[in-house]
Amino acid sequence: YIIMNIIFNMLGAGNGATSFGLKAMEELQTLNPKKDRASNEMILFLVINISSIQLIPFTMLKIRADAGSTNPNEIIISTLVATTVSTIVAIISCKLILPYL
């Protein structure tokens, strides 16, 4: 479920990723020794989901095309760079902060 969730997010299909994300969290909860608190793995998965790298932002491409953009694809490279940086920062932040919680 985790892999499918990340793939859907990378393709910009966030709504399709939701059900896989929920199932992944359920599976992670079964491995969690403290049921009343999110595990570090659950927090890291959530952070990666929130910052997700998008290879092809279909939703934004559709919005730009519908708005009459002459080149709706011009945002792909900047989206890839921005989401890659945000995901790297998110993972590093979790690795630095989570051990102290």
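Which handedness, left or right, does the crossing of α3 and α5 have? In this predicted model, the crossing of the two helices is right-handed. The axes of helix α3 (residues 40–51) and helix α5 (residues 76–97) come within 9 Å and cross at roughly 160 degrees. Angles over 145 degrees count as roughly antiparallel, and α3 and α5 are therefore roughly antiparallel to each other. On the α3 side, the contact is made by Ile 43, Leu 44, Val 47, Ile 48 and Ser 51. These residues meet Thr 83, Ser 86, Thr 87, Ala 90, Ile 91, Cys 94 and Lys 95 of α5. By class, the contact comprises seven nonpolar, four polar and one charged residues.

Two aromatic pairs were found in a search of the whole structure. In one of them, the ring centres of Tyr 1 and Phe 20 lie 6.3 Å apart with the planes at 40 degrees, so this pair is classed as tilted.

Phe 8 and Phe 20 form a stacked pair, with 5.4 Å from centre to centre and 25 degrees between the planes. This pair, too, links distant parts of the chain, as Phe 8 lies in helix α1 and Phe 20 in helix α2, twelve residues apart. Phe 8 has a relative accessibility of 27% and counts as partly exposed. Through these ring pairs, Tyr 1, Phe 8 and Phe 20 are linked into a cluster.

Technical notes:
Residues are numbered from 1 along each chain as its sequence is written. This is a predicted model: local features need pLDDT of at least 70, side-chain atom pairs count only at pLDDT 80 or more; totals for chains, interfaces and linings use all residues. Side-chain values use heavy atoms; hydrogens and water are left out. Axes are lines fitted to C-alpha atoms, for helices over the stretch in contact, and angles run from 0 to 180 degrees between N-to-C directions. Helices (H or I, at least four residues) and strands (E, at least two) are DSSP runs, numbered from the N terminus. Angles under 35 degrees count as roughly parallel, over 145 as roughly antiparallel, 65 to 115 as roughly perpendicular and the rest as oblique. A crossing is left-handed if the near helix is turned anticlockwise from the far one by less than a right angle, and right-handed if clockwise. Contact means heavy atoms within 4.5 Å. Ala, Val, Leu, Ile, Met, Phe, Trp, Tyr, Cys and Pro count as nonpolar, Asp, Glu, Lys and Arg as charged, and the others, Gly among them, as polar. Rings of Phe, Tyr and Trp (its six-membered ring) pair if their centres lie within 6.5 Å; planes under 30 degrees apart count as stacked, over 60 as edge-to-face and the rest as tilted. Buried means under 20% relative accessible area, exposed over 50%, partly exposed in between (1.4 Å probe, protein chains only).
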